[in-house]
Amino acid sequence: MSVCCPTSAHGYMSPSYVSQGTEKVLIGGVEAYVSGNPCPCSNKGTKAIILVSDVWGYNSGRTRAIADLLAKEAADFVVVPRMLSKTFEGGTDGDGLPPNFDMATRGSEFVEWMKTYSYEKDWEPLMKSTMTYVKSMGAVHIGLLGYCFGGLLTTLTAISDPAISCMVISHPSIHVWEKIYGKEPSHVLVSKVKAPTLLHPAGDDDPTYYPGGETMNALRQNSLKSRSEPYPMMNHGFVTRGNTQDASISRDVDSCLKSTVSFFKEQFDGNPKIKLTYFAIPGRAESTRLALTIGSVEFEDERITSAEWSVRKASKSGDSLKQLPLLEVNGQELGQSKAIVRYAGKVAGLYPNDPFMAAQVDLVLDSLDDRLQLFQPTFGIADQAFRIAARKEIAGALTPTGDRTAAVRFNVVTQALNDRVGANLNGFVV
């Protein structure tokens with residue numbers, strides 16, 4: 001693990017963007033770039049994002065372009081405070097490192113410069129003043145966005161201030177806390193973060209930030225809405241400093257920013273109004289009930305009789321599938337149990353965005369459905385005692401008296417799922 005940025009990280013990029021916001025001096029003398037429309041007179045649920053830049057400061061690379069984008073698409077206003085005013089060799093626009101600084105060859109000088117800062121004396125007062133300003137402007141939904149080293153400061157702020165709604169960290173360097181300042185390892189530090197958090201690690205970032213990594217697992221212990229969306233083909237710093245004339249960098253910068261906007265909107269807007277209708281049995285709705293419950297997603301769990309469903313089904317319009325389970329999301333209907341449980345998993349923060357990890361979840365869901373299908377023939381057995389006995393034979397609770405095919409298949413699928421659980425230290429099947 002590197003001390004901060006890997007030697008393969010992108011270097012300084014000059015800002016070519018004409019910013020739309022303004023530079024201001026906030027409460028407590030904090031100098032900041034502010035984009036959007038902070039207005040204390042608003043009576044709506046005002047949304048604000050505090051963006052903490054990387055080590056080249058608050059006016060380098062795409063930092064201000066990102067702030068303007070977020071102020072337009074995800075929040076009412078965005079604040080980018082100047083955090084590194086004790087610059088190294090004059091810094092960039094009076095903040096952070098100078099444009100010609102080479103992290104690969106001058107890493108030891110970087111470490112010594114960083115040690116001149118103290119969180120308690122330098123950064124915490126700035127972050128607290130920035131939070132005070134944001135709250136004074138009526139913000140009730142406050143998100144944090146950190147790039148590289150900035151992710152450490154947003155993490156410490158999320159720990160200390162319960163008003164934080166959510167946090168995003170791209171190409172994270174939370175480990176600076178341990179590697180430079182001798183404090184806790186990143187996975188121990190983030191275990192104190194309660195807010196839902198999205199990580200965007202690059203290919204040369206430490207595996208601790210990837211799905212299944214120690215830091216990511218620690219975040220998910222407090223919020224299942226926390227997740228990691230890696231960009232394995234990118235280098236550290238690509239979002240703020242990568243050259244978008246390269247088609248692959250342009251693609252992933254765009255993808256990462258869309259993901260960032262989507263996550264903030266998802267957390268700011270809260271959960272949709274969800275109603276699940278099914279019979280008073282586990283059946284094809286239980287996995288959806290479990291996913292929503294585990295993810296702490298509020299929903300109405302309506303359980304009806306066959307007679308009640310017959311009446312409702314007759315009144316359904318022609319475009320309805322006229323079957324249960326049925327999920328209603330803000331009044332819109334969704335049928336098919338597989339589609340429903342996948343939606344529930346995404347809302348609950350249990351469904352990965354990474355395509356291969358998502359496919360692994362699909363594999364497990366489809367395996368569970370295969371296992372459920374083994375019991376389908378038993379629904380036609382009229383005698384309850386015979387029906388229960390047939391199901392016990394399939395599940396292995398009784399020795400099959402006839403065809404063993406279903407029982408064998410049930411055991412194979414069950415053992416495969418149990419093996420997955422045993423192999424994963426995070427306690428999840430995937």
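What is the volume of the second largest pocket? In this predicted model, the second largest pocket has a volume of about 310 Å³, and α12 contributes the largest share of its lining, with 3 residues.

- At least two lining residues come from each of α9 (247-269) and α12 (337-347), and the contribution of α12, at 3 residues, is the largest share.
- Sorted by class, the residues that line this pocket comprise 4 nonpolar, 5 polar and 4 charged.

**Packing of α12 against α13**

- Helix α13, which spans residues 355-373, packs with α12 at an angle of about 140°, and the axes of the two helices are 12 Å apart.
- Angles over 145 degrees would count as roughly antiparallel, and at about 140° α12 and α13 are therefore oblique to each other.
- The crossing in which α12 passes α13 is right-handed.
- On the α12 side the contact involves K338, V341 and R342, which meet D362, L365, D366 and D369 of α13.
- By class, this contact between α12 and α13 has 5 charged and 2 nonpolar residues, with no polar ones.

**Packing of α3 against α4**

- Helix α3 (residues 119-136) and helix α4 (residues 150-160) have axes 11 Å apart and pack at an angle of about 70°.
- Because angles from 65 to 115 degrees count as roughly perpendicular, α3 and α4 are described as roughly perpendicular to each other.
- α3 and α4 make a right-handed crossing.
- From α3, the residues Y119, W123, M127 and M131 meet L153, L156 and T157 in α4.
- The contact of α3 with α4 divides by class into 6 nonpolar residues and 1 polar residue, with no charged ones.

**Backbone features in loops**

- L324 and P325 are joined by a cis peptide bond, for which omega is about 5°, and P325 lies in the loop that runs between α11 (306-315) and β11 (326-329).
- E89 has a positive phi of about 50°, although this residue is not a glycine, and E89 is located in the loop between β4 (77-81) and α2 (107-114).

How values were computed:
Residues numbered from 1 in each chain as written. Predicted model: local features only at pLDDT ≥ 70, side-chain atom pairs only at ≥ 80, totals over all residues. Heavy atoms only, no water. 1 Å grid on protein atoms, 1.4 Å probe; cavity = no way out; pocket = protein on both sides within 12 Å on 5 of 7 lines; lining within 4 Å. Points joined across faces, edges and corners; volume = space filled by probe spheres on them. Helix = DSSP H or I, 4+ residues; strand = E, 2+ residues; numbered from the N terminus. Nonpolar A, V, L, I, M, F, W, Y, C, P; charged D, E, K, R; others polar. Axes fitted to C-alpha atoms, helices over the stretch in contact; angles between N-to-C directions. Parallel < 35°, antiparallel > 145°, perpendicular 65-115°, else oblique. Left-handed = near helix turned anticlockwise from the far one by under 90°. Contact = heavy atoms within 4.5 Å.
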